[in-house]
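Work through the exercises below with the sequence and the structure open. Each task is followed by a solution in steps.

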Amino acid sequence: MGKKIYAQSNHDSEYVRCVYKMSDIISRRQRMPWFWPDFVYNYFGEGWEHQRNLKVLHSFTSKVINERAENINYMESESESDQGVRKRRAFLDMLLKTTDDQGNNLTHQDIQEEVDTFMFRGHDTTAAAMNWAIHLIGAHPEVQKKLQQEMHEVFGVSDRPINTDDLKNLRYLECVIKESLRLFPSVPFFARSINQDCKINGFKVPKGANAIIIPFSLHRDPRHFPQPEEFRPERFLPENNVGRHPYSYIPFSAGLRNCIGQRFAIMEEKVILASILRNFTVEACQKRVDLCPLGELILRPEKGIWIKLEKRNQQL
Ligand code: HEM
């Protein structure tokens, strides 16, 4: 969004705290159908807490939008004159400048909805995915060895920053990221309303029913992924993808409302995982059975991921 919030040094950000609180509140409500009607929820449930947290989240993003809107012209001219190189626009700036066919800007509320969705969907999903990937890499030394070899082929002994070409060349890392998302999809379930009668696997599903899609289970279908519990990044090498059912693997959902940030998410994961792997050897301190994945809004390990990092000599 073009706003620095210093999340690494400011552990106690109210926004971050409310994001976590809100995830708890929503997943609790999802599991208690008697609290689904607003009236019951507001009077007997956590309705008040829900509204309080929502207010903090909305007022934070609203402030970010207002500040940016006030300064946008000034910032644009600054970035253009920055050593003659035009910087990329922040996503929020794009929203602020977007107009419809009649030349009308988006309303504050339109922008706020997009910003809230991107902020909420865009950080915890990727963080959780990297967390699971790091565990799996640390638990599979043979995979880690191949990754270190790839790091050596791409970066040699240099400690230069990663660039766009490197991202394309980190092919095995991409397979590792995809296989990690197969076993531990950050979004463990999502839902759709069925808008016409249909048959699925011989069962009649009526219009108006709600369908819950659970990639965590779908990704473990042995017809598409033999020995599904095994972590095998090679499954995603191009030659092994041939003929696989297009909907057998859907960590980013599929169809019209699939994840808009998926390419960005993979790039972000590559940058961070490669930075860790170039500098450290990772060792997992937990076994798979100790992880106890919790299917809340985001798939999380019950007690976090525990790893050991050992500084690497990149020349090896
Ligand atoms: C590993 C990381 C990620 C995973 C596993 C993931 C997964 C998903 C899934 C499964 C959906 C569809 C939900 C549904 O069908 O109801 C979705 C939607 C969405 N994601 Fe992601 N996501 C990730 C990262 C990101 C990032 C980095 C961004 C933004 C920068 C993002 C932005 C969005 C948005 C805006 C939607 C809603 C799209 C719509 O409703 O049209 N996601 N994501």
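**Exercise 1. The shell around the ligand**

Task: State which helices each supply at least two residues of the shell around the ligand, and describe the shell by class.

Solution. The model is a predicted one.
- Step 1: Helix 5 (108-139) and helix 11 (262-279) each contribute at least two residues to the shell.
- Step 2: Helix 5 accounts for the largest share, with 7 residues.
- Step 3: In total, 21 residues surround the ligand, and the closest are Gly-122, Thr-125, Phe-190, Cys-259 and Gly-261.
- Step 4: Sorted by class, the shell holds 11 nonpolar, 8 polar and 2 charged residues.

**Exercise 2. Asp-116**

Task: Decide whether Asp-116 is buried, exposed or partly exposed, and find its contacts beyond four places in sequence.

Solution. 
- Step 1: Locate Asp-116, which sits in helix 5.
- Step 2: Count the other C-beta atoms within 10 Å of the Asp-116 C-beta atom; there are 16.
- Step 3: A buried residue needs 20 or more and an exposed one 12 or fewer. Asp-116 is therefore partly exposed, because its count is 16.
- Step 4: Setting aside neighbours within four places in sequence, Asp-116 is in contact with Leu-57 and Thr-61.

Technical notes: Residues are numbered from 1 along each chain as its sequence is written. This is a predicted model: local features need pLDDT of at least 70, side-chain atom pairs count only at pLDDT 80 or more; totals for chains, interfaces and linings use all residues. A residue is near a molecule or strand if its C-beta atom, placed from the backbone, lies within 6 Å of it. Helices (H or I, at least four residues) and strands (E, at least two) are DSSP runs, numbered from the N terminus. Ala, Val, Leu, Ile, Met, Phe, Trp, Tyr, Cys and Pro count as nonpolar, Asp, Glu, Lys and Arg as charged, and the others, Gly among them, as polar. Two residues are in contact if their C-beta atoms, placed from the backbone, lie within 7 Å.
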